[in-house]
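Here is a short note for a colleague who is opening this structure for the first time. Please read the points with the structure in view.

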Amino acid sequence: MAAKIRTGDTVIVLRGKDRGKSGRVRQVLPEENRLYVEGLNIVKRHQKARGPGQPGGIIEKEAPLHVSKVAIVDPQTGKPTRVGFRFEADGSKVRYAKRSGQVIPTQRPEKR
């Protein structure tokens, strides 16, 4: 099945402590139905020291969100929308926003 939410998409959180906030998808874990959003769902974890480069202490890091808790932002209205698939006249398969009918552009994530 094709992915409705991909790395680089802008999403808005529908449930939880970050409800209403939006951000860019950093990583998608399709086998777990979860994804990481930049700057959202920050949790505190106790970490043991791992050598001279990484001291121990309480660190803050992003935790994954379930895909059902986020929705793609409509490129035209800026509101949450569902995603559909359709074939264009040239035969290419594209994702589109069900709210406005606009094609959702695919961003290529930069390689690190």
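**Notes on the chain**

1. Start near the end of the chain. Pro-105 sits in the segment that follows E10. Note that the model is a predicted one. Is Pro-105 buried or partly exposed? Pro-105 is partly exposed, because its relative accessible area is 44%, and the range for that label lies between 20% and 50%.

2. Now look at what surrounds Pro-105. Apart from neighbours within four places in sequence, Pro-105 is in contact with Asp-9 and Arg-95. Glu-62 is 43 residues away from Pro-105 along the chain. The C-alpha atoms of Pro-105 and Glu-62 are 25 Å apart.

3. Step back to strand E10, residues 93-97. This strand is mostly covered, with 4 of its 5 residues buried. Its partner is strand E9, residues 83-87. The two pair in the antiparallel sense, over 5 bridges. Gly-84 faces Tyr-96 of E10 across the pairing.

4. The turn between these strands deserves a look. The hairpin of E9 and E10 has 5 residues between the strands. There, Gly-91 takes a positive phi near 95°.

5. Next, the overall make-up. How many helices and strands does the chain have? The count is 0 helices and 10 strands. Along its principal axes, the C-alpha trace spans about 60 × 30 × 25 Å.

6. An open sheet is formed by 6 strands, in the order E6-E3-E2-E1-E7-E8, with antiparallel pairing. Which strands lie at the edges? They are strand E6 (65-66) and strand E8 (80-81), each of which pairs on one side only. Within this sheet, strand E1 (residues 10-13) and strand E2 (residues 22-29) run antiparallel and are joined by 3 bridges. Thr-10 has Arg-24 of E2 as its bridge partner. As background, side chains in a regular strand alternate between the two faces of the sheet.

7. Asn-41 lies in the loop between strand E3 (34-37) and strand E4 (42-47). Asn-41 counts as buried because its relative accessible area is 14%, and the cut-off is under 20%. Its phi is positive, about 55°, although Asn-41 is not a glycine. Leaving out neighbours within four places in sequence, the contacts of Asn-41 are Lys-17, Asp-18, Lys-61, Glu-62, Ala-63, Pro-64 and Leu-65.

8. Compare this with Asn-33, in the loop between E2 and E3. The phi of Asn-33 is near 55°, a positive value in a residue other than glycine. Asn-33 is partly exposed, with a relative accessible area of 41%, whereas Asn-41 is buried.

9. Some totals follow. Of the 112 residues in the chain, 28% are buried. The chain exposes about 7900 Å². Carbon and sulfur atoms supply 48% of that area. Take the contacts between residues at least 6 apart in sequence: 37% of them join residues at least 24 apart.

10. Last, the charges. The chain has 25 positive and 11 negative charges. The mean positions of the two sets are 6 Å apart.

Notes. Residues numbered from 1 in each chain as written. Predicted model: local features only at pLDDT ≥ 70, side-chain atom pairs only at ≥ 80, totals over all residues. Heavy atoms only, no water. Buried < 20%, exposed > 50% of the residue type's maximum accessible area, 1.4 Å probe, protein only. Contact = heavy atoms within 4.5 Å. Areas by Shrake-Rupley, 256 points an atom, 1.4 Å probe, with all protein chains shown as cover. Lys, Arg positive; Asp, Glu negative; His and termini not counted. Charge placed at Lys NZ, Arg CZ, Asp CG, Glu CD. Pairing = 2+ DSSP bridges.
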